[in-house]
Amino acid sequence: QVQLAESGGGLVQAGGSLRLSCVASGSIFRIISMGWYRQAPGKERELVASINSGGGRNYADSVKGRCTLSRDNAKNSVYLEMNSLKAEDTATYYCNGRIYVDPRNWGDYWGVGTQVVVSS
């Protein structure tokens, strides 16, 4: 019903920057929120940043001041600008969308993930 397509991961040196993009498509009635989570090997998936329909943003403490989440409502897209990257930012990054597919039914949808590797 809903697909999330991520792009922008890759290998970067510590201190560098990356921009992740996510586009939602399919049966979208209304987007409640979109954001990014990450999962490092051996660790649980954690929130990186999210934005709700009102424009409110939530950032993990570990990325505050280094990451900026933006959105393009017309394109059903969100973008995560990551700066001053650290080795501990290495993880698979997953786009998440909490989306109504009709006036009554909503679900949590996930992309397949994009790898970010920060070399120190």
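**Loops, rings and a threonine**

Modeller: Happy to. Let's start with N76, which lies in the loop between strand 7 (67-72) and strand 8 (77-82). Keep in mind that this is a predicted model.

Colleague: Okay, what is the phi of N76?

Modeller: N76 has a positive phi of about 50°, although it is not a glycine. Most residues other than glycine have a negative phi.

Colleague: And is N76 buried, exposed or partly exposed?

Modeller: N76 is partly exposed, as its relative accessible area is 24%.

Colleague: Which other residue has a positive phi without being a glycine?

Modeller: S84 is one, with phi near 50°. S84 lies in the loop between strand 8 and strand 9 (91-100). It is partly exposed too, at a relative accessible area of 42%.

Colleague: Let's change topic. How many aromatic pairs does the structure hold?

Modeller: It holds 1 aromatic pair. The rings belong to Y37 and W110, with centres 5.1 Å apart and planes at 70°, so the pair is edge-to-face.

Colleague: Where do Y37 and W110 lie?

Modeller: Y37 is in strand 4 (residues 30-39) and W110 is in strand 10 (residues 106-110), so the pair ties together parts that are 73 residues apart in sequence.

Colleague: What about accessibility for those two?

Modeller: Y37 is partly exposed, with a relative accessible area of 25%. W110 is partly exposed as well, at 37%.

Colleague: Which residue lies over the face of W110?

Modeller: That's R45, at 4.7 Å from the ring centre of W110. The charged end of R45 also sits over the ring of Y94, 3.8 Å from the centre of that ring.

Colleague: Nice. One more: where is T114?

Modeller: T114 is in strand 11 (residues 114-119).

Colleague: Why does T114 count as buried?

Modeller: Its relative accessibility is 11%, and buried means under 20%.

Colleague: What does the side chain of T114 reach?

Modeller: It reaches the backbone nitrogen of G9, at 3.3 Å.

Colleague: And which residues is T114 in contact with, leaving aside its neighbours within four places in sequence?

Modeller: On that basis, T114 is in contact with E6, G9, L20, W36, A91, T92 and Y93.

Definitions and conventions:
Residues numbered from 1 in each chain as written. Predicted model: local features only at pLDDT ≥ 70, side-chain atom pairs only at ≥ 80, totals over all residues. Heavy atoms only, no water. Phe/Tyr/Trp six-rings, centres within 6.5 Å; stacked < 30°, edge-to-face > 60°. Helix = DSSP H or I, 4+ residues; strand = E, 2+ residues; numbered from the N terminus. Buried < 20%, exposed > 50% of the residue type's maximum accessible area, 1.4 Å probe, protein only. Lys NZ or Arg CZ within 6 Å of the ring centre and 35° of its normal. Polar contact = N/O pair within 3.5 Å; in protein donor to acceptor, adjacent residues only side chain to side chain. Contact = heavy atoms within 4.5 Å.
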